[in-house]
Amino acid sequence: MSTGIVTLIGAGPGDPNLITVGGAAALAAADVVVYDRLAHPSLLRHAPRAEKIYVGKKADQHAMKQDEINALLAERALAGQNVARLKGGDPFVFGRGGEEAEYVRERGIEFVIIPGVTSAIAAPAYAGIPVTHRDAASSFAVITGHERDDARESGGRAAGQAEGRRRWDKIANAGDTLLFLMGVENLEEITTQLMAHGRGADTPVALVRWGTWAGQQATLTSTLGEVVERVRAAGFKAPAVTIVGEVVNLRERLRWFDRGALAGKRVIVTRAREQASGFVEMLRARYAEPIEFPLIRITSPGDNYASLDTAIGHLNTYRWVLFTSAPAVSHFFARLFAAGKDTRALSSVKVGAVGPATAAALKEFGVVADFRPEAATGAALAEELPGEIAGARILIPRAQEGEAALLQILTDRWAKPDEAAAYENVVDGEGAEEVRQRLAEGSVDIVTFTSSSTVKNFVSALEGTPLPASVQIACIGPSTAATATELLGRAPDILAKEHTLGGLIAAMEEWA
């Protein structure tokens, strides 16, 4: 069996968009990913076929000790697997990447290093603090916030372990800007030593917790003389980057990441995974933290398209074809093409669409909707459909369980609506355990619902877990809101005025 390769990948400081192109490619090629606590979970999606092994470490809690991690990397590589070692920040900046590389090289295993964006620079940047500036700092130094402690790894102090490796007389003036990583627990020692070796008590200081993550906490700013008490009073916890120097004073002028209304808000996205990406990106663009909880999986209908295929065979008998969602459009045209037809089959009918996303999906097939209601709901489409429709046959390709109001209103107008199952919404619920845990610990701000199905599946997937009063309910439209009120026991806190994803985002921003 040939020996695999160990690739040490810098995951970046948190924001998943900061992974390098090389890092993403290496994850995609990996057989196994060994990942740390500070690597964003969404990065694992770059490695869909790989086994994932968590080895994260906190100050006093180790999922796996370092010597065990080293042995794991070597064991898997010697078994012929390509191993991706995903490490927060950069593997060679206090990431113990050098130790891991040495260990595998000593055992005849080849390794590759893919550097990453270090939190030492990125966390201050996301807080609006440049580590250098022509008017404030021409140099910077990156320093570990705590010294090596072999006792933590071995259960007792190792023989010959050096005491006090850090030379504070050198560190205090190592650069105009000093950047301490992993130093919150030792902040009192750090500030005391810096002041004892020449840094003034009025020197500006900032701490950035979970820097670059969508849930990045508001940066705490103070001075060397007062920061310890400020941190204690605020209950500020690790992980954080500590910045010491005049550049901290630039924060208010250069602040950008945490300025938006939704910045730092933790938002559950319940859309189907096939539809969620656009909404997730809209949230990330506003520096919110999307928590993907796909409650719907879009699949073929249980009757194997029988009703839709029959309707497509008699399209010339319909006056209107009404689409209420983008999936309905894509599945309809897939069956149209499978029947050997193309868009010319729609030449004798008019086409209606609910909302801009559905209309955009139609345009991708070269079809412009003849009618779109002002409100993006099926009920509005039925009520406002122009012309005399009494006696008219109307085809509605949609989900197997669609909105009842659409059919009822068309029937009340004496039309003859025909439903055809174009797709089916199946309960998904992947990630339910994580969502339950987040709700229990209070780390969710908003849960969003974009259809009645997402509400029903949310209740089903959580199996009785209550929705805390502190969590805001956001709904895309009145039908979804009615279902939320019925099943969750309270009216939504946020309701989109325009029944689109953009309208939902706008309503959330207005609330915030």
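Trainee: Before I look at the interior, what is a nonpolar core a set of?

Mentor: A nonpolar core is a set of buried Ala, Val, Leu, Ile, Met, Phe, Trp, Tyr and Cys residues joined through side-chain atoms within 4.5 Å. In soluble globular proteins, nonpolar side chains tend to be buried together. In this predicted model, the largest nonpolar core has 28 residues, and those with the most contacts inside it are F323, F332, F333, L346, L362 and L395.

Trainee: Why does H331 count as buried?

Mentor: A residue is called buried when its relative accessible area is under 20%, and H331 counts as buried because its value is 16%. H331 lies in helix 12, and, with neighbours within four places in sequence set aside, it is in contact with I298, T299, Y305, L308, A422 and Y423.

Trainee: Is R438 buried or exposed, and which residues does R438 touch?

Mentor: R438, which is found in helix 16 (residues 432–441), counts as buried at 16% relative accessibility. Not counting residues up to four places away in sequence, R438 touches E289, I291, S443 and V444.

Trainee: Which residues form a nonpolar patch on the surface?

Mentor: The patch is formed by F94, I121, F140, V142 and M182, which together have about 400 Å² of accessible area. One of them, V142, is found in strand 6 (residues 140–144), and V142 is partly exposed, with a relative accessible area of 33%.

Trainee: What is the mean pLDDT of the protein, and where is the pLDDT below 50?

Mentor: The mean pLDDT is 90, and 94% of the residues reach 70 or more. Over residues 154–163, however, the pLDDT is below 50, although this stretch has ten contacts in the model beyond near neighbours in sequence. Where pLDDT is low, the predicted coordinates should not be read in detail.

Key:
Residues are numbered from 1 along each chain as its sequence is written. This is a predicted model: local features need pLDDT of at least 70, side-chain atom pairs count only at pLDDT 80 or more; totals for chains, interfaces and linings use all residues. Side-chain values use heavy atoms; hydrogens and water are left out. Patches are made of residues with over 30% relative accessible area and no salt bridge: like charges are joined within 9 Å, nonpolar side chains (Val, Leu, Ile, Met, Phe, Trp, Tyr) within 5 Å. Accessible areas come from the Shrake-Rupley method with a 1.4 Å probe; for residues, only the protein chains shown count as cover. A salt bridge is a side-chain nitrogen of Lys or Arg within 4 Å of a carboxyl oxygen of Asp or Glu. Helices (H or I, at least four residues) and strands (E, at least two) are DSSP runs, numbered from the N terminus. Buried means under 20% relative accessible area, exposed over 50%, partly exposed in between (1.4 Å probe, protein chains only). Contact means heavy atoms within 4.5 Å. pLDDT is the predictor's confidence in each residue, from 0 to 100.
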